[in-house]
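Open the model in your viewer and keep the selection panel handy. We will go stop by stop, and at each one you will hear what to select and what is there.

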Amino acid sequence: MPSLILCFDVAMEKTSRRKFIASGGAAAAAIGLPLAATRSGGVAAAGQPGRAASAGGGAMKGHGGGAAGPTFRKGQIVDHAANGFNPTDLLRDFDMGRTSRMASGRTLREWEVVAADKEVEVAPGIKYPAWTFNGRVPGPTLRAREGELLRIRFVNGSAHPHTMHFHGIHRAEMDGVPGVGPGLIQPGDSFVYEFDAEPFGLHLYHCHAGPLAEHIARGMYGTYIVDPKQGREDADELMMMMNGFNTNFDAEGNQVYAVNTVAFHHVNEPVRVRRGELVRIYLTNILELDPINSFHLHANFFDFYPTGTRLEPTELTDTIAMVQGQRGILEVRFPSTGMFMFHAHKTEFAELGWMGFFEVV
Amino acid sequence: MDGLLRGRLIEATTQPQPQVEPPTPGRLPAWALGAIPLALIAVALVALLTVGGDTLGERVGPPVEEIAVERTVLRPGEIELSVRNTGPDPVTVSQAFVNDAYADYSTTGNQVGRGGTETFTLDYPWQADSPYLVTLVSETGATTEHEIPVAVETPTASGGFYGLMALLGVYVGIIPVVLGMLFLPLLRQVREHWIRFFMAVTIGLLAFLGVDAYLEGTEIAESGTGAFGGAELLFIGAGAAYLGLVALDRFLRARRDRASAAGTSAFQLSLLVAIGIGLHNLGEGLAIGSAYAIGELALGAFLVFGFALQNTSEGLAIVAPLSAQRRPSLLRLASLGMIAGVPAILGAFIGASVNNPELAALLIGIGIGAIVQVIVQLVPTIRDGAGRALYPTSVAGIFVGAALLYSTGLLINA
């Protein structure tokens, strides 16, 4: 049976290449046909012409290759439909949960998060056996307001024991580590983590089951945002988690690096923002195996708010470094339109997939 | 049961046993007796292939993804890899990166079938004289690394290239061998125990060449993909060459006996030595050619000088059996020199254009087998009056021969 699938894959591959050659690069990108049909899941993607057409990204189709820089094999993209998520959508997908007012007048905010084992195509043609929260990597971006009571019902639908460990201030039994409070949540079990939304800022959550490096590397992490009581200035807000995948499991660095999982995704689909509008990036480094990650923005400078726990920026810069678990808020206004690259200023990571573009319109 | 057996036994012993069973009518001819089991074996194999595999169930564990790069061709801005699947399952290559940077590539098909090959041409601006590590990533995320120790543009098989290889072959093969043969007049003057000494020197030379070739051949064989085997190719080549030369020797000896032409045996021995050395020089040319192809050959005075010095002793070995002869004709001498030297040119061609470790191992193995056979041939020529092969003079000769090659070999490495 597996060989049948493989044959099918190859058949699709050949088909798409022929079509690509026949229709010519630019025309093909415009109609989105070969991109949708690149992988076996292309059948599903072809049913969504709008998605497929936007995937081309038009202008960026020709980036990379030879001296023009790193690229995956030309004309190939990840099958987002089979993955169940498109990283472009994850950027602005803030999960506010369900709110209700308690007798005290305080807001109660609730989520349900389900752990599931799932294969994710992290680069065109490369499938990674991930462990996920809510079937996506990174998991849902949980967003609350300072002072609220939060309840996260965690259901373990995975074949492995897991926990949810939040960065934030909470009681020991809500820390989501083995041996404390409920400890490991076994497959099929569930638990409700409950704590106050504090302090305001940008945080994260991840599984803390052992071996810890593997549970994180497999994709069990997400962003957790606590907005200050008074709120922040209106902005076009984006969530980015810098991550990577050790696809050969040799525990010696990663083969694929990215923001929000799919490598080189924002080369194919640039992050579209408006000129002059405030852009706020909630940036977290969760990269496993490599000690330091970084973020560099071309031709523009941003205000940096470490951990987002103060309302005054500490620095105006274009490059910041982060260890695993470190995070901060970036605020930038692009004064002019155009394509502006952003990538890890560890160029090895950049050339292995952690590279993208802002398209300022 | 007991009675039955006994009855049969009695029957068998009492009845006269025919020595040869008479041919019964309807008995099958011999070819059919061979064809029937062959056909049954074929049917059984097909059955096992189609049905038998299923009876064992699915393999436990993930698919085995084993691919290896067989050949690397470097062109400006391009790295072309010929990849062979050396494992039991088909492998789908999904992406490739060079020195930790993903690169675009073209190929006719991503999937490399079991035992099959596929070519991947990477679009990468490599720089001359730099090392590169190419990594192929399969659909499961497994990686296969291929090291390019030093990037040098792969020579294309043009006229100039063949000319250069021919020149190299002449330098390391023909010229030194012919130079060594110039010792013949000297050998004809010296006394018999000196001849035996020179023959012992030749044995020492050849023994050292054989050991050296074996060590190098093992290294080359291990650098291959293993799809067609490794070090055993050396032994296959050596066995084939040894037995082939023994057969040739017997054939020539039988002809000589029929012709009863006394005195040709010395020339025949020379011929066998020349053939053996020629097969060895094929392997030597191969090593030079492939080193040139990957830019590892330090072309220069030392290479030519070192090989010339070393292979001069090979010429000595060829003419040594002729010392007690009537003056051999120049044509015969020249042809001996060509037999020993020309294969170096052929080897250089093959090495530089094919550059396949398995083929190199096989050819080097052939050279080793030839050397062993020649040593066996030469042993009678060093026997002294008492029929001993090892005595102070011969031992000294063997040692001198080995030392000569060892020291001249140092020059080549330098």
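Start by selecting Pro138(A), which sits in the loop between strand S4 (126-133) and strand S5 (141-145) of chain A; helices (H or I, at least four residues) and strands (E, at least two) are DSSP runs, numbered from the N terminus. Show the backbone here: the peptide bond from Val137(A) to Pro138(A) is cis, with omega near -5°.

A word on labels and limits: residues are numbered from 1 along each chain as its sequence is written, while chains are lettered from A and ligands numbered from 1 in the order in which they are written. This is a predicted model, in which local features need pLDDT of at least 70, side-chain atom pairs count only at pLDDT 80 or more, and totals for chains, interfaces and linings use all residues.

Next, select Pro211(A), in the loop between strand S9 (201-206) and helix H8 (212-217) of chain A. The peptide bond that joins Gly210(A) to Pro211(A) is cis, again with omega near -5°.

Now move to Thr261(A), in the loop between strand S12 (256-259) and helix H9 (265-268) of chain A. Thr261(A) is not a glycine, yet its phi is positive, about 85°. Is Thr261(A) buried or exposed? Thr261(A) is buried, because 28 other C-beta atoms lie within 10 Å; buried takes 20 or more such atoms, exposed 12 or fewer, and partly exposed is in between, with C-beta atoms placed from the backbone.

Leu289(A) is in the loop between strand S14 (278-285) and strand S15 (292-297) of chain A, and it is partly exposed, with 16 other C-beta atoms within 10 Å.

Val122(A) is the next stop. Leaving aside neighbours within four places in sequence, Val122(A) is in contact (C-beta atoms, placed from the backbone, within 7 Å) with residues including Tyr128(A), Phe245(A), Val256(A) and Thr261(A).

Zoom out to the largest nonpolar core, which has 107 residues; such a core is a set of buried Ala, Val, Leu, Ile, Met, Phe, Trp, Tyr and Cys residues joined through C-beta atoms within 7 Å. Among those with the most contacts inside it are Val122(A), Trp354(A) and Leu122(B). Strand S11 (residues 236-245) of chain A gives the most to this core, with six residues.

Finally, select where the chains meet: 27 residues from chain A and 24 residues from chain B. On the side of chain B that touches chain A, strand S3 (residues 91-98) of chain B gives the most, with four residues.

How values were computed:
Two residues are in contact if their C-beta atoms, placed from the backbone, lie within 7 Å.
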